[in-house]
Amino acid sequence: MSDDDHVEWPEGHPGQPGQPSFPPPPPGGQFQQFPGDPNTRIPNHMAWAIVVTITGFLFCWLIALPLGIAAIVFASQVDNKKRAGDLLGAQEASNKARSFAIGATAVSCVGLLFFIVYIAAFLNDPSYFGL
Amino acid sequence: MRWLGPAAVAAGVALGCACLIAIDPNEQGHYPTCPFHASTGLWCPGCGSMRALRALLRGDFAAAVGFNLLMVMAVPCAAYGYLAWTGKRMGWFRIPGIRTGPALAWTLIAVFVGFWVLRNIPVGPLTSLAP
């Protein structure tokens, strides 16, 4: 999913690949190879943040929610900071968005695990649930 | 290994659908109750989504809308996002993906919270939003 999150630079930008002043970004999503290089791809992790906020809410409603919202807040700063030329700030926001998204994903997975254990327990012995 | 992500999502969705068909969420106790609904008696924005998905799987669109309008609207969006992501990742085809940005994130949160409030108001046409 992170492939969708890269910021595309407009045509004619001085840092376009093919111009000798900056080496082109390495393929395969390697980030921060050249600090300060406008070619550096900084993922905003927005899709991940949105998806994990909603699934986190559904599976583990109050615990994952603040983590997901924090991920969205930092994810929404990435593109703005990059556009303003603040590459280090953008990278920092991207890293924070990623950290919070990982946290929300982990909490969601715990919620999902509880869900699965519950269903397994029900299938094993429905009488335990009064049925 | 590019296929791993799309394949994992497809497998998870298939497993979930099979579970929803095999174990009826309309029966009490089959699945864990929403913690928000269990603790407050109010409906959360996700309440009824499992019943809605099951109704959709069985082709009962009207019942699905009655259980959870948001989930019914989210299904085609998720399907389109999955198609765009898979096509791009596997190099099969290219259709414009869902553009994720701050605007989309805050709109989704506003819709979510709005739905949350509206479906708990026990007046007139709003009651049809509750599951």
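Two residues are in contact here when heavy atoms of theirs come within 4.5 Å of each other.

This is a predicted model, so local features need pLDDT of at least 70 and side-chain atom pairs count only at pLDDT 80 or more, while totals for chains, interfaces and linings use all residues. Residues are numbered from 1 along each chain as its sequence is written, chains are lettered from A and ligands numbered from 1 in the order in which they are written, and side-chain values use heavy atoms, with hydrogens and water left out.

**View 1. Where chain B meets chain A.** On one side of the contact sit 27 residues from chain B, and on the other 24 residues from chain A. Together the two chains bury about 2,100 Å², with 79% of that on carbon and sulfur atoms. (Buried area is the accessible area, taken with a 1.4 Å probe, that two parts lose on being put together, summed over both.) Look for B:Pro32, B:Thr100 and B:Phe112: they supply 22% of the area chain B buries against chain A, more than any other three residues.

**View 2. Which parts of chain B do the touching.** Helix H2 (35-40), helix H5 (69-90) and helix H6 (102-118) of chain B each bring at least two residues to the side that touches chain A. Helices here are DSSP runs of H or I with at least four residues, strands are runs of E with at least two, and both are numbered from the N terminus. H6(B) gives the largest share of that side, 8 residues. Sorted by class, the side has 19 nonpolar, 6 polar and 2 charged residues. For that sorting, Ala, Val, Leu, Ile, Met, Phe, Trp, Tyr, Cys and Pro are nonpolar, Asp, Glu, Lys and Arg are charged, and the others, Gly among them, are polar.

**View 3. Chain B by itself.** Chain B has 6 helices and 0 strands. Its C-alpha trace spans about 50 × 40 × 25 Å along the principal axes. Of its 131 residues, 29% are buried, meaning under 20% relative accessible area (1.4 Å probe, protein chains only).

**View 4. A close look at A:Asn44.** You'll find A:Asn44 in the segment before helix H1 (46-59) of chain A. Its relative accessibility is 5%, so A:Asn44 counts as buried. The side chains of A:Asn44 and A:Asp79 are joined by a polar contact of 3.2 Å. A polar contact is a pair of N or O atoms within 3.5 Å; within protein, one must be able to donate a hydrogen and the other to accept it, and residues adjacent in sequence count only if both atoms are side-chain atoms.

Technical notes. Buried < 20%, exposed > 50% of the residue type's maximum accessible area, 1.4 Å probe, protein only.
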